[in-house]
Amino acid sequence: MILLFLIVALAVVLLIAGFEMFLVLGVPALLIKQFFYGSLPDPVVVQKILGGINHSTLLAIPFFILAAELMGEGQIARRLTSLVQSLLGHRKGGIGYTIVGGSMAFGSVSGSAPATVAAMGRLVYPEMRKAGFSDKFSLGLIASSAETALLIPPSITFIIYGWMTGTSVARLFVAGMAVGLVLGLVFAIMVAIEARRAGVSAGERTSWGDRLRAVAHSGWALGMPAIILGGIYSGVFTPTEAAAVSVVYAIFVEMVVFRELTLKKLFKVTERAAVSTAIIFILLALGGLLSYFITLAQIPGQILEFLAAVDAGPIVFLLVVNVVFLIAGMFIDPNSALLILVPPLYPVATAMGIDPVHFGMIVTLNISAGMITPPFGLDLFVASSTLGKPVMTIISGIWPFVIANLVALGIITYIPSISTFLPNLVFG
């Protein structure tokens, strides 16, 4: 027991010291193997590291990452945001609604929260200040609204969760639509309250003719989410096939139709996507090894025995899950939180009768909140870099949105039908 405590302490020290997450995951896993499962043949470790990521579902990740990079570099993302602004910008505080809606639209083609922060920040921050929103609220809204990109499909987080638990990725995508809308609605309510409090002016009303022209202008951009989601939900594509199609579509639209993407830009975009993919897959491989040892140690069974001993039901268990994930989100990246916490907690959730899709929504919403939770929320630093603002200034404006996340989290956690209604309706 003392030895296990020392290994966990070493992992914490590595994390605090700023070591890369693959070392924080990998070193403890190898030490556990050495000291507790020394008789286990070394080839088994290699098999668990490499075999764990040899899964067709995970092929969707590099394709969606590349598609997101292509659209961020080209015109698709900007045209979707312009469409949202033409539809919502005339309302009081309309630029705030544009940020929320634009983040959801960008998320529907990227699945990346940091990319959404970078794209939306450059486009709308000056307009937020011009409309009369305070600096703190503007920065907080830009950083927070990007969370919806992890919930609105396609979401890489859903793909990883589905791979880890065997849950249908298509069902997760459908559920994510509903949960993402709930979170977006909470943010929209905050915009309405702040617009009234600060006396923010309404934007210039767009005529119906201009709106129709904006829709036509965004036709090719709208084709991306239509192909991805329509293909998956109609059964024409699997999520992995839809990801591959999205790359082909993005290249065609950006290079042939919009002529925004040159061969030189394409090589740079592909390089960035390859680096991001390599980072994720290294974490997944080592996380798979750690999950294997968690299973061998029968940790989920021990958690169940403890919960039974203290007479804790699903309500208390989900409260504990939320607290644990929120704390983890303060210090580690989303994928690492998934890899460390889902293996011991998911079997407990299913044993308690919690729907796997519902549990996935709770986990993902927690991870989304972790993207903006100080001190190490990734979106805080992306917003700081993109907008040239000190991180502490952004943190000072983020707290109301952290509270909003907790409200949305409570709603999703204890009203399971929000997560399960649409998947059951679509897939039966």
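View 1. F293 is found in helix α14 (residues 263–296); helices (H or I, at least four residues) are DSSP runs, numbered from the N terminus. Not counting residues up to four places away in sequence, F293 touches A29, I32, K33, Y37 and L40, where contact means heavy atoms within 4.5 Å. P343 is 50 residues from F293 in sequence, and the C-alpha to C-alpha separation is 9.9 Å. This is a predicted model, in which local features need pLDDT of at least 70 and side-chain atom pairs count only at pLDDT 80 or more, while totals for chains, interfaces and linings use all residues. Residues are numbered from 1 along each chain as its sequence is written, and side-chain values use heavy atoms, with hydrogens and water left out.

**View 2. The largest nonpolar core.** A nonpolar core is a set of buried Ala, Val, Leu, Ile, Met, Phe, Trp, Tyr and Cys residues joined through side-chain atoms within 4.5 Å. The largest one here has 136 residues, and I61, F133, F317 and F359 have the most contacts inside it. Helix α10 (residues 169–198) gives the most to this core, with 14 residues. Leaving aside neighbours within four places in sequence, F317 is in contact with L307, L345, V348, A349, M352, I354 and F359.

**View 3. The aromatic pair F158 and F173.** The structure holds nine aromatic pairs. Rings of Phe, Tyr and Trp (its six-membered ring) pair if their centres lie within 6.5 Å; planes under 30 degrees apart count as stacked, over 60 as edge-to-face and the rest as tilted. For F158 and F173 the ring centres are 6.3 Å apart and the planes at 50°, so this pair is tilted. Because F158 lies in helix α9 (residues 156–165) and F173 in helix α10, the pair ties together parts that are 15 residues apart in sequence. Both F158 and F173 are buried.

**View 4. The aromatic pair W220 and Y249.** W220 and Y249 form a tilted aromatic pair, with 6.3 Å centre to centre and 40° between the planes. Distant parts of the chain are linked here: W220 is in helix α12 (residues 219–233) and Y249 in helix α13 (residues 239–257), 29 residues apart. W220 is partly exposed, with a relative accessible area of 40%, whereas Y249 is buried at 13%.

**View 5. An aromatic cluster.** F133, F137, F187 and F401 are linked into a cluster by ring pairs.

Key
Buried < 20%, exposed > 50% of the residue type's maximum accessible area, 1.4 Å probe, protein only. Helix = DSSP H or I, 4+ residues; strand = E, 2+ residues; numbered from the N terminus.
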